[in-house]
Amino acid sequence: MLQLLILVVCAGILVSGLLAACLKNLMAAMVSSGLAGLFASVSFLLLAAPDVAMAEAAIGSGLTTFIFVYALRSASNGAREP
Amino acid sequence: MAETIIQVAAALILGAILLGVTRLVLGPALVDRIVAIDMLTIISISLIVLYAHVSGRFVYVDVALVYGLLSFLAVLAIARFLENGL
């Protein structure tokens with residue numbers, strides 16, 4: 001059962017990565033790439049690397065999405081003004 | 001008995017991950033996808049805690065703690081963005 005869970009988590013990385021590449025809505029693509037980082041962190045933990053999983057959860061899933069949202073907001077503000 | 005409970009919990013987590021990824025793929029609106037990623041975060045926290053119990057290494061519970069403390073940040077940023085705040 002646990003090996004099936006590992007397979008499902010790896011399939012989740014694949015699906016959310018494909019979705020992040022294919023979606024037209026930028027915000028939804030950002031959410032999907034954050035989900036790819038989240039599943040990658042879980043798979044790092046299942047491969048017995050808890051420190052890497054912790055760094056990936058802090059940076060890859062949390063901070064990257066935050067910075068992406070901030071950048072998209074700045075860019076759309078700059079595009080709207082002129 | 002305990003083995004049965006762990007198997008049932010793993011099956012429930014498996015089904016929940018499948019349902020959440022399905023909603024993420026199908027979800028027509030952005031809000032559906034955001035709620036799906038929030039749900040999947042909480043499901044992965046439970047998966048980490050279950051794996052910590054199964055493997056017997058309780059360092060993994062710390063990872064789940066960090067995960068729970070940080071995971072709301074992205075959803076909060078996106079929610080503020082949708083309300084034109086940030």
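User: Leaving aside neighbours within four places in sequence, with which residues is V42(A) in contact?

Analyst: V42(A) is in contact with V9(A) of its own chain and with S44(B), L47(B) and I48(B); contact means that C-beta atoms, placed from the backbone, lie within 7 Å. This is a predicted model, in which local features need pLDDT of at least 70 and side-chain atom pairs pLDDT 80 or more, while totals for chains, interfaces and linings use all residues. Residues are numbered from 1 along each chain as its sequence is written, and chains are lettered from A in the order in which they are written.

User: What makes α1(A) and α1(B) roughly parallel to each other?

Analyst: Their axes come within 10 Å and cross at roughly 10°. Angles under 35 degrees count as roughly parallel, and α1(A) and α1(B) are therefore described in that way.

User: Which residues of α1(A) and α1(B) meet?

Analyst: Among them are L5(A), V8(A), G12(A) and V15(A) from α1(A), with A10(B), I13(B), L14(B) and I17(B) from α1(B). By class, this contact has 14 nonpolar, two polar and no charged residues; Gly counts as polar.

User: How many residues of each chain are in contact with the other chain?

Analyst: On chain A there are 32, and on chain B 34. α1, α2 and α3 of chain A each supply at least two residues of its side, and the largest share, twelve residues, comes from α3(A). That side of chain A has 23 nonpolar, eight polar and one charged residues.

Technical notes: Contact = placed C-beta atoms within 7 Å. Helix = DSSP H or I, 4+ residues; strand = E, 2+ residues; numbered from the N terminus. Axes fitted to C-alpha atoms, helices over the stretch in contact; angles between N-to-C directions. Parallel < 35°, antiparallel > 145°, perpendicular 65-115°, else oblique.
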